[in-house]
Amino acid sequence: MIVATAGHVDHGKTSLVRALTGVDTDRLPEEQARGMTIDLGFAHAALAPGLAVGFIDVPGHERFVRNMLAGVAAIDLALLVVAADDGPMPQTREHLAILQLLAVPRLLVVLSKADRVDAARLAQAGEELHMLLAGGPFAAATVLPVATPTGSGLPAVRQHLVAAAQALQARPVAGHFRLAVDRSFLVAGAGRVVTGAVLSGRVAVGDMLRLQTPQMQQGASLRVRGLQVQGLQADAAQAGQRCALNLAGAELKRGEAGRGDWLLAEAAPPLTDRLDVQLQWLPGNGQPPGPRAMLQLHLGAAAVPARVSALGDAALGDAALDRSATAPGRAGLARLRLARPVAAAWGDRFILRDAAANRTLAGGWVVDPFGPERGSSQPLRLAQLAALARPDPAQALAAWVDAAPLAADLGHFAAARNLRDDEAAVLHKDLALQVIASAAGPLGLRADAWAGWQQRLLQAVDAWHAAQPDSVGPDDAALRQALGLGGTVAAQAVLRAAIATAVAGGALQRLGLRCCRPGHQPVLAAADAALLAQCGALLQPAGLRPPIVGDLASALGLPLPELLPFLGRMGARGLLVQVAPNRWFLPETVADLAAAARALAAAHADGAVDAAAYRDRTGIGRNLTVQVLEFLDRAGITRFDGKRHWLRGGLLSACD
Ligand SMILES: Nc1nc2c(ncn2[C@@H]2O[C@H](COP(=O)(O)OP(=O)(O)OP(=O)(O)O)[C@@H](O)[C@H]2O)c(=O)[nH]1
Ligand SMILES: [Mg+2]
């Protein structure tokens, strides 16, 4: 269990921690000289046999709220210390508001300096506390009077903490490992040690991690050489614990890493400077600041300048997670734009302060750390946020899929909720989602929606055959139009996957760039059929380099002006394909041209189709290669960026 103190300056927090643990956490010379806590202090003690409790002692002075915030991000219980003579003071209130906004699960109030007041004042202070807590999530918190010089009241505090630690449920250890760094130092003989709270996941000795500091774009790759939990060597640490990691790695130089940095699993989602959040403004601060105001975001152990703008007038609906059990104040969805990126994940709690005025203004929790740059207030996007806000991951994913117009971006969902691949796969399976690979990552459809698309695909091909019996069948663009699918990456991926499934199941056939029902024979006039057979006999043996139209006409013994209209008719029906102005191909040869491009792209990690390599592989010469690649661009199989051709949809489109 991790406990942090809270409360006004000089009310006895450090004295209480010392009385409970025997450790004086005010170690800095300046702290000792001034008799005041400035930075976080750390101590731990076994309050009962085998029951280690970690303590974070925070400063009470109003100037050091920033340090206090770095200590309370991931605690199980807060010890609010209120001096009986003073009663609640400004930082009593501010710290309490912070604990509420951070949704700290438990609070124990210690009425300190009980030896300094008489019974009447003690009762009065108790009454003041009662009024302070009334109506909030800690209204039922236990209040225990303590006098640290005599030790009176301490056994009750200890007993309460032991009971709380025993009742503590282990936090779910889900997601990629994330640690909010709060200290970093060198230990003689061991090297770099970094400490902090594990916000999610699990870490074990030997793991490779990424250290992210503001100076590092990519992060440094490091190995966990050793780790400690509550001062004891351990093999692993997990969410809800604080740990010290001894790190090794060539990229770790002296002096790097410090409070506010992040240690992440290598596969963890990237950092983000854009957070879509559920925000709760504290009452009594006037109007919320406008979108230009620069506030300070405190998340994990990081403090980052941030601007805030409301996302429309939207508030999460009934289905939304209501974890913001705070005093009344305005609440709603908002977008935070950060001056520096953070490793935030869904559900992370944060605080917003006005640093100049030294006031806590608001708090909330992260709904989506990867919101779109544009359209952040549009109805579709707000529906996505409402889906993401659901606490249960399966329900959230179901709502996320239902909110998507065509197919849901499963990669976005997994990154936003900090899901590992195995966790995401279980959810996909539980919801029986159809998962489709696309250029933009995995897409998901409900099983019934997927079945519907497959059915409509076959209906569209049947309708095409009925309307155009002399044609091979529709190409992808015609099918997208027939099915009312747009040209988006998702639409293309869904169509390709539906065709691939139908082809695999024997319900469709591919002929070149077109689709048809198996056994479909275009109905042709006898003369056309005969001429087509003759063309086939000439084109087929020529492989990837069929004769140009002039040579074809001579071989057929036809004048060119007679051949050309025939070729045009066959082209419209998909029976022949005009790849270059003077060159026609059989549909099956076009499929070979596309296959060659895919094979080359597969050999390149980046999916590029290099023209010289294409020429060498196919042996069709430089000029025809240029024409073929231009044709593949037009056909939507490759994309030209002015320099190179790329396989569209990456290698994933190889499913057809
Ligand atoms: N008589 C009496 N004095 C106390 C008690 N608790 C703390 N003190 C005294 O109050 C003063 C402040 O105590 P600290 O524990 O440093 O207070 P703090 O809350 O840690 O202060 P900051 O960290 O600066 O916010 C010290 O002189 C303590 O000896 C108590 O229960 N009884
Ligand atoms: Mg102190």
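**Exercise 1.** Work out how the axes of helix α18 (residues 611–618) and helix α19 (residues 622–634) cross, and which residues make the contact.

*Solution.* Start with the axes, which are lines fitted to C-alpha atoms over the stretch in contact, with angles from 0 to 180 degrees between N-to-C directions. In this predicted model, the two axes come within 9 Å and cross at roughly 110 degrees. That makes α18 roughly perpendicular to α19 (the class covers 65 to 115 degrees). Next, the hand: the crossing of α18 and α19 is right-handed. Now the contact (heavy atoms within 4.5 Å): α18 puts in A611, Y614, R615 and T618, while α19 brings R622, T625, V628, L629 and L632. Sorted by class, that's 5 nonpolar, 2 polar and 2 charged residues.

**Exercise 2.** Find which residue forms a salt bridge with D39, and say what the pair ties together.

*Solution.* The structure holds 22 salt bridges (a side-chain nitrogen of Lys or Arg within 4 Å of a carboxyl oxygen of Asp or Glu). For D39 the partner is R259, with the closest N and O atoms 2.8 Å apart. D39 sits in the loop between α2 (29–34) and β2 (41–48), and R259 in the loop between β14 (242–248) and β15 (262–265), so the pair ties together parts 220 residues apart in sequence.

**Exercise 3.** Check the pLDDT of the protein chain.

*Solution.* Mean pLDDT (the predictor's confidence in each residue, from 0 to 100) is 91, and 96% of residues reach 70 or more. Over residues 317–328, though, pLDDT is below 50.

Residues are numbered from 1 along each chain as its sequence is written. Side-chain values use heavy atoms, leaving out hydrogens and water.

Definitions and conventions
Chains lettered and ligands numbered in written order. Predicted model: local features only at pLDDT ≥ 70, side-chain atom pairs only at ≥ 80, totals over all residues. Helix = DSSP H or I, 4+ residues; strand = E, 2+ residues; numbered from the N terminus. Parallel < 35°, antiparallel > 145°, perpendicular 65-115°, else oblique. Left-handed = near helix turned anticlockwise from the far one by under 90°. Nonpolar A, V, L, I, M, F, W, Y, C, P; charged D, E, K, R; others polar.
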